[in-house]
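Here is a friendly briefing to read with the model open beside you. Take it topic by topic and look up each residue as you go.

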Amino acid sequence: MITVLIPAHNEAAGITSTLQSLKDQTLSPGRVIVVADNCTDATEQLALAQGAEVVPTAGNVDKKAGALNFVLSRLLPDAAPEDLILIQDADSQLSPDFIERAVAHLQADSRLGAVGGVFSGGSGGGFVGHLQRNEYARYARDVKRLKGKCLVVTGTAALFRARTLRDVVAARLDGSLPPGNGHGGVYDTSVLTEDNELSFALLTLHYRIKSPADCTLVTEVMPSWRELWAQRLRWKRGAVENCVQYGWTRVTRPYWGRQALAVVGVLVTLAYFGTVAFALGTGAGLHIQPFWLAVTGVFVIERVVTVRLRGWKYMLAAATMYELVIDLFLQVVHAKAYADAALNNKKAW
């Protein structure tokens with residue numbers, strides 16, 4: 001039995017396409033449940049029109065994680081251990097064989113706790129959308145090169161066994177994992193990035209996680225710089241706080257390493273612009289050095305090669321380094337996320 005859960009808050013714009021992609025699956029799910037969380041648009045009506053079950057949340061104030069816990073608390077007690085639960089975003093469309101391939105991966109490895117997807121960016125968003133599609137293409141390339149090894153099974157789409165999620169519930173109740181909502185909810189409602197935390201939880205319980213290259217989907221891109229800022233600030237602050245939450249363990253060491261590299265990147269960028277400003281401000285001027293030209297060349301090659309999945313036109317454009325604009329933007333976001341976490345500023349979804 002395969003059940004699909006789709007948490008949705010005012011997703012009228014994309015819910016029909018998402019449900020249509022489930023109808024086109026080569027291995028059809030037995031149930032599709034749209035968890036309508038405080039919707040004020042036509043999400044519920046559109047989902048019903050596509051034949052999905054709709055379960056409205058009751059008094060949920062814990063966003064996506066709370067909505068999913070609400071339905072999972074009803075679903076898991078009656079599920080067989082090997083029943084499968086696919087949890088996916090309402091703005092993501094699966095490739096037609098996604099479920100079939102994800103099931104095959106789970107069946108091939110009994111300690112595989114979750115199978116996620118490799119996503120590409122949907123259309124729209126103008127220049128900022130274009131930059132995100134390049135970014136996602138690089139992510140897909142990285143995951144493919146690592147044969148599906150991933151740091152996080154993202155919330156865009158992930159397939160779990162019922163027994164795996166029950167293990168998470170039991171571990172939250174006995175103190176082996178952070179307590180989450182304190183009532184054995186699968187998702188930790190106290191964090192900004194519930195998918196990142198659940199990945200930590202599965203790895204702590206000695207499960208493996210995987211995002212195979214043959215499990216693909218298309219997901220929405222942020223249509224403006226403002227919305228991209230909000231999304232990435234949540235992701236980056238959530239990732240930092242998840243590391244703090246779990247501490248220094250065998251699971252979190254690689255994640256701490258990535259955080260350290262990110263900090264170094266921010267500091268190097270600050271040092272670069274600081275020295276340029278100093279040179280111009282003091283009248284010393286700028287001088288081209290062969291060593292730094294060579295370093296720049298390495299970065300240019302990296303930009304070109306890593307966007308190969310999008311084709312030669314994108315590779316040529318990448319050589320101009322025009323994508324520095326999003327690189328710098330994300331570094332500012334990262335610095336802000338660290339500051340917010342350190343100062344315990346109010347969290348925002």
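What follows is a short tour, from the whole chain down to single residues.

Please keep in mind that this is a predicted model. Its chain has 12 helices and 10 strands. The radius of gyration is 21 Å, close to the 20 Å that the globule rule gives for 349 residues, so the chain is as compact as a globular protein of that length.

**The chain as a whole**

- The C-alpha trace spans about 75 × 45 × 40 Å along its principal axes.
- Buried residues account for 48% of the 349 residues.
- The accessible surface comes to about 17,000 Å², and carbon and sulfur atoms hold 62% of that.
- If you take the contacts between residues at least 6 apart in sequence, 77% of them join residues at least 24 apart.

**The nonpolar cores**

- The largest nonpolar core has 40 residues, and the members that touch the most others are Leu5, Leu72, Phe160 and Tyr187.
- Strands E2 (31-36), E4 (84-88) and E8 (157-161) each give two or more residues to this core, as do helices H3 (63-75), H6 (162-174), H7 (194-204) and H8 (225-246).
- Helix H3 is the biggest giver, with 6 residues.

- Tyr272, Phe273, Leu324 and Leu328 make a nonpolar surface patch of about 380 Å².
- Helix H9 (253-282) and helix H12 (324-343) each supply at least two residues of the patch.
- Leu324 lies in helix H12. Its relative accessible area is 42%, so Leu324 counts as partly exposed, between the 20% and 50% cut-offs.

**Salt bridges**

- The whole structure holds 16 salt bridges.
- Asp109 pairs with Arg208 in one of them, with the closest N and O atoms 2.8 Å apart. This pair links distant parts of the chain, 99 residues apart: Asp109 is in the loop between helix H4 (98-108) and strand E6 (112-116), while Arg208 is in strand E9 (residues 208-210).
- Asp109 is buried at 18% relative accessibility, whereas Arg208 is partly exposed at 44%.
- Arg303 forms a salt bridge with Glu302, where the closest N and O atoms are 2.9 Å apart. Arg303 also meets Asp327 in a salt bridge, at 3.7 Å from N to O.
- Arg303 lies in helix H10 (residues 290-306) and Asp327 in helix H12, so their pair ties together parts that are 24 residues apart in sequence.
- Is Arg303 buried or exposed? Arg303 is buried, with a relative accessible area of 13%. Its two partners are partly exposed, Glu302 at 32% and Asp327 at 27%.
- Lys64, Asp89 and Glu194 are linked in a network of salt bridges.

- Thr43 lies in helix H2 (residues 43-49). With 0% relative accessibility, Thr43 is under the 20% cut-off and therefore counts as buried.
- Which residues does Thr43 touch, not counting those up to four places away in sequence? Thr43 touches Ala8, Asn10, Glu11, Ala12 and Ile15.
- Gly184 lies in the loop between H6 and H7, and at 10% relative accessibility Gly184 counts as buried.
- Leaving aside neighbours within four places in sequence, Gly184 is in contact with Val169 and Leu173.
- Gly184 and Asn69 are 115 residues apart along the chain, and their C-alpha atoms are separated by 8.9 Å.

Key: Residues are numbered from 1 along each chain as its sequence is written. This is a predicted model: local features need pLDDT of at least 70, side-chain atom pairs count only at pLDDT 80 or more; totals for chains, interfaces and linings use all residues. Side-chain values use heavy atoms; hydrogens and water are left out. A nonpolar core is a set of buried Ala, Val, Leu, Ile, Met, Phe, Trp, Tyr and Cys residues joined through side-chain atoms within 4.5 Å. Buried means under 20% relative accessible area, exposed over 50%, partly exposed in between (1.4 Å probe, protein chains only). Helices (H or I, at least four residues) and strands (E, at least two) are DSSP runs, numbered from the N terminus. Patches are made of residues with over 30% relative accessible area and no salt bridge: like charges are joined within 9 Å, nonpolar side chains (Val, Leu, Ile, Met, Phe, Trp, Tyr) within 5 Å. Accessible areas come from the Shrake-Rupley method with a 1.4 Å probe; for residues, only the protein chains shown count as cover. A salt bridge is a side-chain nitrogen of Lys or Arg within 4 Å of a carboxyl oxygen of Asp or Glu. The radius of gyration is taken over C-alpha atoms; the globule rule is 2.2 Å times the number of residues to the power 0.38. Contact means heavy atoms within 4.5 Å.
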